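Please look over the sequence and the structure shown below, and keep them at hand while reading the briefing that follows.

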Amino acid sequence: MKLYRRMKAGSWIVLALLSCFGLAARAQTPAPSAPAAVAPAPVAPAMAQPLDTKAAAPPSSDDLVKGDPGGTMTGTVSDVVVSDSKKGLTLADTVNQVGQNRIAINFVWTLVTGFLVMFMQAGFAIVETGLCRAKNANHTMMMNFMVYGFGLFAYWVCGFAIQMGGVGGVSTLGGAAPLNAETSITVFGKSWGLFGTHGFFLTQGGTYDVAVMVLFLFQMVFMDTALTIVTGAAAERWKYVAFATSSIFMGALTYPLFGNWAWGGGWLATLGSNYGLGHGYADFAGSGVVHAVGGITALALSMILGPRLGKYNRDGSPNAIPGHDIMIVLTGCFILAFGWFGFNPGSTLAASGNGALRIGSIAVNTMLAGCTGSFGAILYMWMRYGKPDASMTGNGLLAGLVAITAPSGFVNTVGAAIIGLIAGVLVCLSVEFFDRVARIDDPVGAISVHGTNGIWGVISVGLFADGKSNYGGSWNGVNGSVQGLFYGGGGGQLVAQLIGVVTLVGIIFTISYVANFVIDFFIGQRVRPEDELAGLDIPEMGALCYPDFVLKPDQGARGVAAD
Amino acid sequence: MKLVGILVVLAGWLVAVVGLGITQSTGARLLLAILGFVICLVGILGVLNKAHMKNAVWKA
C-alpha cells in the first residue's frame, strides 16, 4: 500500500501515456478489409479516448471518510477535471490539466511575489519617516501612503498600456496575447518601439484577460516603488498638492515610457537583435527601470525644490539634520529586504518552466548583495568617521539590494557579493558628493541609494553576467544567455547597458525635470518658509503625527533659517 | 542657463545613440556611450545645478 501511494502520482501518468501510445498505434493500423482507406488522425482520437484509470487506483470513499492525516490520499486522479463526465477521464483532460497547473503555479508565484513588493511600501514609508524630523512625520507618511493610490490610478488609466501594451505576449503567464500593439518609428533603418497602445483601463484592446491582470498587478507594484523613492528626496519641503500632481504624471508617463523601452519590447530591449549589442538592454528586476528612474526623478525634483532651510550655511557648508527615529528606519530596511525576495525572484514571472527554477539562485544573490552592501557601508563609515553609522548602514543594505536588482538573474554568488560590496561603499561616497559638492539636499539619501546604485546595477550586468542563465533559451529575442565582459561575453552587452544608462540620465531626467518645472510654475513645488519651519504636519496635513509629544524648537534652523 | 543645461543633457544622449548608426565597432560605440554619459552628467551637475545654485535659499 505504501509503495502504491509513493508511486501512484508518477505511475498514473506513465500508465496514461503508455495507454495513449497503445491507442495511437492501434489507430494508425489500417483495417485489413479496407487497405486503401486513409488512417484516421492518430492523435486526436487518442486524446479523446477515455483512459483506464484503474491502475491509478484512487482511494475509495471509505478510505476518504476516515480522513487523510498523512496527505497521501489527497490530490489523486479523482481530482483531475473531466470535460465530459459520461466519457470519463481522457488524455486531453490530463494534458490540459498539466498545462493549467503550470500556468497556475506561475500565476500564484507572480501574484504572491507581487504582494511582497506591495508590502515594501510600508518599508519605504517608515524608512523615510524615520529619517525625517518628527514635525514632518504625518506629511512624510501620508506621501508614502497616497503615492500608492495616485500611482495605481494613473497606471490603470494609461501607464500600463503605455508600458506593456505592446509586449507581445508573456508565455510564462499563458500568453497575455491582447498586449500586442506597439507604436514604433524607424531609426538607422531599424524599428524602435516607443510605447504600447493596448490596455487602457485594463479593458481596451481585449485586455480583460486573466494573464493581463496578473501582469498588471506585478508591474503596478514595481511602478509604485519608483514613485515612492521620490518622496524621500523631496521630504520636509514638498507641497502636498504638487506631490500628488507629480506622482500621477510619473505613474502615467515617465515610468511607463522607460518601462516600455526596457521591458515592453521597446527600443532598448531590441538593441541586441537590431544592433548586435549582446541581448540588448538587460535589466532583470529593475535597477534601471524602477530604482534609477525613481532616483533620477528625485534628483531633478530636488534641484527644483532646493535644500531645506537650515541645511546649508551661508558659506555653503552643510549641516546634518538627523532623523527622529532610527529604530523605525532599520525596521523599515528589514521590511524592504524581505520584500526584495518578491522583487527579484518574482521577476521570472514563473516558478515552472522557462528556466524559472533559477529563482533559488536569484534569491540567494539578493540576500548576499544586501549583506555585502551593509558591510561596505559600515566599514566605510567606521573607518572614515570612527563609528558604525546606523542610517548609512541601512542605506548600504538598500544600496546592495538596488544594485543586485538588474543582475540578480544573470550572475553567480561571487559576482553578487562583489556588486553589493561596491554598492555599499558607493552609496556613502555618493551621499557625501551630493551633500557637500553638488549641495543637493536629499534627506533620506534616495538619489544615492536608488539613482547612483541603480545605474551601478545596470552597468554591472555588462560586467558580471556569467552566461549560465537560460530563461526559455533566449533573452530579449537573442538566443543564448546574457554574458558580461568579465565572463568572455565581449563589450556588446556593456554597451547596451550604457545606452540604457545614458537614456536614464538623458531622457528620463529631462522629462522629469521639465514636468516638475511646469508643475512648479503653475502650482508651486515648495511650501512656504514659515510652514517649513513649523513642520508640515499642521500646515499641510492638519494634524500632528505625534500629538502627545512635545516637539523641540526648530533645531534645523541653525544658520539661515534661525534669522 | 537652465535651458542650456537641458540641451547639454539631451546632446549627451544623442552622442551615445548616434554611435549606434555611424559605426559597427563595439569599441567605438563604447567610447561614444561613455562620452554621452559624461556629457549628460556635465549638463545636470555642471550647468543645470549651477543655474539653480545661483539663487539658492542658503545664499540669501
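Helices (H or I, at least four residues) and strands (E, at least two) are DSSP runs, numbered from the N terminus. In that numbering, Glu236(A) is found in the loop between helix 6 and helix 7 (240-263) of chain A. This is a predicted model, in which local features need pLDDT of at least 70, side-chain atom pairs count only at pLDDT 80 or more, and totals for chains, interfaces and linings use all residues; side-chain values use heavy atoms, with hydrogens and water left out. Residues are numbered from 1 along each chain as its sequence is written, while chains are lettered from A and ligands numbered from 1 in the order in which they are written.

**Buried polar side chains**

- Glu236(A) has a relative accessible area of 0% and is therefore buried, where buried means under 20% relative accessible area, exposed over 50%, and partly exposed in between (1.4 Å probe, protein chains only).
- The side chain of Glu236(A) makes a polar contact of 2.7 Å with that of Asn136(A) and another, of 2.4 Å, with that of Arg308(A); a polar contact is a pair of N or O atoms within 3.5 Å, of which, within protein, one must be able to donate a hydrogen and the other to accept it, and residues adjacent in sequence count only if both atoms are side-chain atoms.
- Apart from neighbours within four places in sequence, the contacts (heavy atoms within 4.5 Å) of Glu236(A) include Cys132(A), Arg133(A), Glu532(A) and Leu536(A).
- Gln497(A), which lies in helix 15 (residues 492-522) of chain A, counts as buried because its relative accessibility is 0%.
- The side chain of Gln497(A) reaches the backbone nitrogen of Ala282(A) at 2.9 Å, and among the other residues in contact with Gln497(A), leaving aside those within four places in sequence, are Gly280(A), Tyr281(A), Val458(A) and Gly462(A).

- Not counting residues up to four places away in sequence, Phe258(A) touches residues including Leu268(A), Tyr281(A), Val293(A), Thr503(A) and Ile508(A).
- Chain A is divided into domain 1 (1-29 + 38-65) and domain 2 (99-541), with bounds that come from an automatic or database domain assignment, and the C-alpha centres of these two domains lie 49 Å apart.

**Backbone features of chain A**

- Ala57(A), in the loop between helix 2 (43-48) and helix 3 (61-65) of chain A, has a positive phi of about 45° although it is not a glycine.
- Asn354(A), in the loop between helix 10 (326-343) and helix 11 of chain A, is likewise not a glycine and has a positive phi of about 55°.
- Helix 11 of chain A is followed by Gly386(A), whose phi is positive, near 85°.

**Interface between the chains**

- On the chain B side 28 residues are in contact with 38 residues of chain A.
- The two chains bury about 2900 Å² between them, 82% of it on carbon and sulfur atoms, buried area being the accessible area (1.4 Å probe) that two parts lose on being put together, summed over both.
- Within chain B, Trp13(B), Leu20(B) and Trp58(B) lose the most area to chain A, together 25% of what that side buries.
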